[in-house]
Amino acid sequence: MAVERTLSIIKPDATERNITGKVNQRLEDAGLRIVAQKRLKLTEEQAKAFYIVHKDRKFYQDLVNFMTSGPVVVQVLEGDNAIAKNREVMGATNPEEAAPGTIRADFARDIEANSVHGSDSPETAAGEIKFFFSDIEVVG
Ligand code: RTP
Ligand code: MG
């Protein structure tokens, strides 16, 4: 299995409840290593740019409003098969459909305020990591 890196975001609904440590524990327990991490408050412009692939979806502006509503923690996770592994630990987008024991099943409020983001392919992971981190900020 290939060692990969993926971009993770702990979303405003989770920072608000002060559960970033609990989320990180889930990630680390799954064998993912946090090789970069910082706390930010996204601007409208940054959130729109990050989610540009969803610009034609009807939830786009709501999502941008939510992602700018409070601090986020952006992170790079590293490990074997990290992209798929992180998506597995996160659970389905809608917490009502997320498997028991996943982060979203246990912590998400609803389909929008769903606590975490994770890149969905090697290509998006590379682009999303670059969006937030320079090379010297990622220490494997
Ligand atoms: P993410 O990109 O955050 O890891 O989540 P995902 O792949 O599971 O979901 P995606 O389809 O990429 O949607 C991105 C985020 O938009 C919000 N969303 N709201 N109101 C809605 O129907 C709806 N659908 C999606 C969620 O915050 C979702 O994670
Ligand atoms: Mg997505």
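The questions and answers below concern the sheet and the pockets of a predicted model.

Local features here need pLDDT of at least 70 and side-chain atom pairs count only at pLDDT 80 or more, while totals for chains, interfaces and linings use all residues. Residues are numbered from 1 along each chain as its sequence is written, chains are lettered from A and ligands numbered from 1 in the order in which they are written, and side-chain values use heavy atoms, with hydrogens and water left out.

Reader: In what order do the 4 strands of the open sheet stand?
Author: Strands (E, at least two residues) and helices (H or I, at least four) are DSSP runs numbered from the N terminus, and two strands pair if DSSP finds at least two bridges between them. The pairing in this sheet is antiparallel, and the order is β2-β3-β1-β4.

Reader: Why is one side of β2 and of β4 left without a neighbour in the sheet?
Author: β2 spans 33–40 and β4 spans 116–118.

Reader: Over how many bridges do β1 and β4 pair?
Author: S8 stands opposite G118 in β4. Strand β1, residues 3–10, pairs with β4 in the antiparallel sense, over 3 bridges.

Reader: Which element supplies the largest share of the lining of the largest pocket?
Author: α3 (44–50), β4 and α7 each supply at least two residues of this lining. The largest share, 4 residues, comes from α7.
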